[in-house]
Amino acid sequence: MHKWAWPFMQPVDVEGLGLHDYYQVIDKPMDFSTIKNLMEARDGTGYKNVREMCADVRLVFKNAMKYNDAKSDVHVMTKTLLGKFEEKWLILLPKVTEEVTSYLVILVNDYTMVL
């Protein structure tokens with residue numbers, strides 16, 4: 001896992017961090033543990049295709065940049081990790097098809113371990 005990925009691994013602890021306006025600013029919270037759970041879901045509640053998963057990865061970063069000031073450490077970390085994700089996505093994109101969900105595991109596992 002990349003040393004800067006820690007803020008995104010679990011849902012934001014809104015109460016613990018005293019972020020009283022978080023849900024007024026962020027419409028759909030997202031984090032990597034939720035993404036992993038959706039990837040592993042076998043009951044029909046998970047992702048239907050790779051693009052859904054990628055949209056949620058981007059949502060993790062979009063939310064962090066929206067909530068945190070552009071000069072904050074979290075915002076800077078977010079922009080860096082989003083750039084790394086997009087680089088890896090472009091490399092994997094030719095190998096991925098809408099029907100192949102096994103690449104979801106490869107993408108996220110590689111992403112969280114290599115970043």
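1. Leaving aside residues up to four places away in sequence, the contacts of Ser33 are with Met9, Gln10 and Pro11.

2. Helix α3, covering residues 50-67, packs with helix α4, covering residues 73-92, at an angle of about 160°, and their axes are 8 Å apart. That angle makes α3 roughly antiparallel to α4, since angles over 145 degrees are classed in this way. The crossing of the two helices, α3 and α4, is left-handed.

3. On the α3 side, the contact is made by Val50, Arg51, Cys54, Val57, Arg58, Phe61, Ala64 and Met65, while α4 contributes Val74, His75, Thr78, Lys79, Leu81, Leu82, Phe85, Glu86 and Trp89.

4. As for confidence, the protein has an average pLDDT of 84, and 82% of the residues score at least 70. Confidence is highest in helix α1 (residues 22-25), with a mean of 97, and lowest in helix α5 (residues 102-114), where the mean is 55. Where pLDDT is low, the predicted coordinates should not be read in detail.

Key
Residues numbered from 1 in each chain as written. Predicted model: local features only at pLDDT ≥ 70, side-chain atom pairs only at ≥ 80, totals over all residues. Heavy atoms only, no water. Axes fitted to C-alpha atoms, helices over the stretch in contact; angles between N-to-C directions. Helix = DSSP H or I, 4+ residues; strand = E, 2+ residues; numbered from the N terminus. Parallel < 35°, antiparallel > 145°, perpendicular 65-115°, else oblique. Left-handed = near helix turned anticlockwise from the far one by under 90°. Contact = heavy atoms within 4.5 Å. pLDDT = per-residue confidence, 0-100.
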